[in-house]
Amino acid sequence: MKTARWKKALGWIGLYALWIFLTLFTVLPIYWMFVVSSRSRVQLFDAPTLLIRSFYVQNYTGPLSDPVFQRYLWNSLYTAVGNALLVTILALFATYALSRWRLPGADNIFFWTITNRMAPPAAFLLPIFLLYTQVFKIGDWSLFDTQLGLILLYCVFNLPFAIWLMKGIMDGIPIELDEAASVDGAGQWTILWRVIVPLAAPGLAITFILSLIFAWNEYLFAATLTSVNARTITTGLAEFVTVTGTNWGQMAAVATISILPALVFLIFVQRYIVTGLTFGAVKE
Amino acid sequence: MTEAKPIQAPVEHKGRRGFLPIETNTFDRVFISVVIWIGASLLWMRFIEPLGLSVWICTVLCIILGVWIVKKG
Amino acid sequence: MRSNRLGWTLLTPSLVVLGIVGFLPFLFVVWVGFHDWNIFAATRGMIWTGANNYRRLVFDQEFLDALWRTLAYTVTVVVIELSLGFLLAQTLTRQFPGRAFFRTIYVLPLVVAPIAVGATWRLMVIPGFGPIPYFLERWFGIEYRIGTYASHAWATAVLMDVWHWTPFVTLTLLAGLTAIPKEPLEQAMVDGANRWQVFRHLTIPMMMPVILTVVFIRMMDALRVVDEVYMLTNGGPGTATTFIGLHIFRVVFPKTDYGYGSAMSLLVLYFTIVLCWLLFVALSNVGKQKA
């Protein structure tokens, strides 16, 4: 009996050891980035230590007071919020239609949307670049290097995800509620705004936040489809490596700033992120 | 509440069984034919065209194969 | 019966947007792929060349190497993440104090921008002050230089991806594990099956749809990896970590050889579609057997 109890205790110790190790492993790179961002160039090459003894604020104040960097930050915010709003509204309409009407061919359309998410962005770089610079233009104005261009483009991967996620939520709202409202004389729009939207609000919020995070995090398209005006913070981060090369402290600071919004939202979406990433296939 | 289902087409898959190992509808079979055609053309261009046989031969073969797949697959 | 017109009206905006940024580029890339088009060449327009771009491609060793490398990378990370994820999901099936806390921390990498993931790992392995090379050298005498040794760059890229995505795999599998019925497993144990047999013959088959879903999503994303590796190694040393997406982004895109680039993009798309489709067929079949 004694050995059994020992075995059990060992199991618990092992379990905690494993998860403490995993937690450290998960946090370490991000913590280290923060540490690097707190040091000046000279301090970095001292004997390595994981402790933060002094805080070299210039790494943060430098980029933050730079007008170019401010514009990057502003663009990122503008693009991400714009895209998340657009995606959430479009997905709300689309999934309401998909869930409440039996439209011929709608199932195939629903399925087709996800293929947009599967396509490798690298394969779309060139055609989108060409379309944006050569085709979608009116006079001197083209979609290239505009926030609008990015907002539209991010729909390629955010809209399919949002539609798949919202479809499950929409299907979960009993159609009897619609019918009851309809009997009371409400029109379709009233039903959508007064019945569906309040009930789907948590789902809409999750869709919005996850789209926001994905759009904020996007790099590849932002780097190729902008040149000066619409650059986002992710491209700014990449520029640090190629242009200034050695200024690791500032790069780490910019990287830290760039992951802040995601960290803030993590608390809200922590339970839903897996649902979101599996297109609503896995729920908890 | 925990729920886990595979990602799959919600479409009612009204297919039939031919000689292909899976149930397919017409669209699936056209798709399979096109995939095979592209793959075969690429391989042909790499390995057989340098020997002097035009890639059109491959195309003809693939169209025949494609028709067979769409009809019988 | 409500009129279908309103339904279509609600659906149309999404379809228009996806059509413009999703489907139109696809048609366009097919069209351009059959042309010679270089806006900086003497002839600036598009010239029809038939399948010549593809003839060039199948002999382009750099492209083929990048393709193989991407496949190898995808298989490596998916296998590692799946095995690790399964083990970790098993430990999470029980409730224990602190579980919620560990879980919250654990999903952290999922929301970090891929480009920032690349940046953090680059900071981890920079020779001179990165902790990994420092401790490896100090404790094991290994000289860890991702800028010099291809294998080190490769290992770091794999480690980075495992760090980034294992949480996702774990939690998805966990959801699957929690959802499968417990009775058959207990019954089998009572009937004298050992743990391995139960796992092999009951858990795995019942988990198959979820496993395939995870593999599907992970494969799709691993095949298109660009940002992280771009920041980490920029494809180097040499071309050791130049995966296909990075190859297009770094080598092909700046060359303005649009026809050839389009052909290459299309081929990448072709391989992705074929691989995903094969998995998808497997998924649908498994789902059907279960139903």
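**View 1. Contacts between domain 1 and domain 2 of chain A in the predicted model.** Here 11 residues of domain 1 of chain A are in contact (heavy atoms within 4.5 Å) with 11 residues of domain 2 of chain A. The bounds, 1–56 for domain 1 and 59–277 for domain 2, come from an automatic or database domain assignment. The C-alpha centres of the two domains lie 34 Å apart.

**View 2. Area buried between the two domains of chain A.** About 830 Å² is buried (accessible area, 1.4 Å probe, lost on putting the two parts together and summed over both), and carbon and sulfur atoms give 65% of this area. On the side of domain 1 of chain A, the residues losing the most area to domain 2 are M33(A), S37(A) and R41(A), which together account for 52% of what that side buries.

**View 3. Cysteine sulfurs of C58(B) and C62(B).** The structure holds 0 disulfides over all chains, a disulfide being a pair of cysteine sulfur atoms within 2.5 Å. For C58(B), the closest cysteine sulfur belongs to C62(B) and is 4.0 Å away, too far for a bond.

**Notes to the views.** Residues are numbered from 1 along each chain as its sequence is written, and chains are lettered from A and ligands numbered from 1 in the order in which they are written. In this predicted model, local features need pLDDT of at least 70 and side-chain atom pairs count only at pLDDT 80 or more, whereas totals for chains, interfaces and linings use all residues; side-chain values use heavy atoms, with hydrogens and water left out.
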